[in-house]
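Thanks for making the time this morning; I would like to walk you through one structure. Please have the sequence and the coordinates open while I talk.

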Amino acid sequence: MRLPCLFAAMFALAACHDQANGGGAGVRDQITAVGSSTVYPFTTIIAERFVAADPEAKAPVIESTGTGAGMKLFCAGIGAGHPDIENASRRMKASEYRDCASHGVKALLEVQIGIDGIAFAVSKRGPRMALTTADIYRALAARPGGQPNNARTWRDVNPALPAIPIQVYGPPATSGTRDALAELIMAHGCDAVEPEAAELAKRDPEAHHLMCTRVRENGAYIDAGENDNLIVQKLQSNPNAIGIFGYSYLEENRHIVDGVAINGVAPSYQAIAEDRYPGSRPLYVYVKKAHLDAIPGLRQFLILYADNWGQKGPLVRRGLIASPPAIQARSRAIIAGEVTLDPAALPS
């Protein structure tokens with residue numbers, strides 16, 4: 001009686017491997033994740049706990065590629081040759097889902113793991129700064145007021161600011177943090193100072209996006225890559241500069257950098273959790289449902305995430321802002337029920 005059971009188990013295992021082998025890239029017995037540099041440290045903590053709970057498990061491979069670049073890798077297909085998890089510091093776009101679907105990646109779990117804020121920071125040896133979204137727009141936009149941006153110092157932007165060069169180290173265009181800078185900070189600053197912006201947003205959202213969020217390329221904004229720790233290091237060597245990264249990196253480096261208040265609100269756990277800080281944003285992981293049966297431990301990995309994202313958990317100690325209880329409960333239900341996202345709800 002045991003032989004049929006044994007053969008059934010072997011067949012089920014082979015089916016799992018086949019499902020992970022959709023791209024013809026062999027089998028894989030370790031979890032892989034790509035995406036956001038902001039979410040990277042949180043997923044890394046879960047990976048460490050995953051291995052600690054099962055010493056025989058292979059260590060997950062977590063890559064920091066940026067949200068946008070990660071989406072391209074994640075959406076390229078189903079199978080062992082493609083990542084299981086996409087770390088995202090913004091929500092997936094409808095266009096990205098269409099790219100996924102075109103490669104057979106249709107059933108996805110969308111799990112909000114917490115909240116973050118895009119923090120502006122300065123070296124403790126640098127000038128004390130407080131900015132508004134309008135200041136940031138005038139300093140970093142390619143064509144504020146429809147004219148090329150020639151502002152050289154912060155005083156050129158606002159007479160109350162110091163006469164030091166505008167030098168901002170920030171994420172590349174592939175980063176979700178860069179998207180958040182555009183949508184949460186620059187677009188609001190643009191709407192505050194450009195008379196036609198609000199009407200343009202209703203009439204032609206694409207033109208509004210281009211006018212308000214395109215970043216200047218003449219040296220004031222410096223693409224520092226996907227390594228947020230590198231931005232912290234650059235602030236140490238250039239104390240007059242400003243850095244932009246996820247709040248967790250500010251929290252981790254409080255001994256060497258200070259947060260910059262925006263619109264009178266300093267980046268803090270409470271301000272971000274209460275949505276008072278202008279740069280507050282949700283963080284996500286996306287998971288291929290097909291891989292849950294194919295990749296050993298992937299379900300347990302998600303359960304570990306849910307077990308550790310609470311207000312007193314290790315992810316919060318690392319700098320994550322815990323989601324409100326209702327959102328945590330919804331995310332747990334998505335994991336438990338393996339509920340796939342509705343693409344109709346995604347932003348364009």
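Predicted model: local features only at pLDDT ≥ 70, side-chain atom pairs only at ≥ 80, totals over all residues.

Let me begin at C190, which is buried, its relative accessible area being 0%; here buried means under 20% relative accessible area, exposed means over 50%, and partly exposed lies in between, with a 1.4 Å probe and protein chains only. Residues are numbered from 1 along each chain as its sequence is written, and side-chain values use heavy atoms, with hydrogens and water left out.

The partner of C190 is C212, the two being joined by a disulfide with an S to S distance of 2.0 Å, where a disulfide is a pair of cysteine sulfur atoms within 2.5 Å. Because C190 sits in helix α7 (residues 176-193) and C212 in helix α9 (residues 205-213), the pair ties together parts that are 22 residues apart in sequence; helices (H or I, at least four residues) and strands (E, at least two) are DSSP runs, numbered from the N terminus. The S-S torsion of C190 and C212 is about -45 degrees, so this disulfide is left-handed. C212 is buried as well, again with a relative accessible area of 0%.

How many disulfides does the rule give? The count comes to two, and the other bond is formed by C75 and C100, whose sulfur atoms are 1.9 Å apart. This pair links distant parts of the chain, with C75 in the loop between α3 (67-74) and β3 (85-88) and C100 in helix α4 (residues 94-102), 25 residues apart. The link of C75 and C100 is left-handed, with -70 degrees about the S-S bond, and both C75 and C100 are buried. Counting bonded cysteines along the chain, the pattern is 1-2, 3-4.

Turning to the domains, the protein is divided into domain 1 (32-115 + 281-345) and domain 2 (117-280), with bounds that come from an automatic or database domain assignment. Their centres, taken over C-alpha atoms, are separated by 27 Å, and 22 residues of domain 1 are in contact with 22 residues of domain 2, contact meaning heavy atoms within 4.5 Å.

Where does the largest pocket lie? Both domain 1 and domain 2 give residues to its lining, so the largest pocket lies between them. The lining of the largest pocket comprises 28 residues, of which K93, D179, A182, E183 and H209 lie nearest its centre. A pocket, on a 1 Å grid over the protein atoms alone, is an open set of points where a 1.4 Å probe fits, with protein on both sides within 12 Å along at least five of seven lines, and lining residues have an atom within 4 Å of a point. Helix α7 supplies the largest share of this lining, eight residues.

Finally, consider helix α5 (residues 133-140), where seven of the eight residues are buried, so that α5 is largely enclosed by the rest of the structure. T133 is found in this helix and is buried, with a relative accessible area of 7%. Leaving aside neighbours within four places in sequence, T133 is in contact with I185, H188, G189, I262, N263 and P278.
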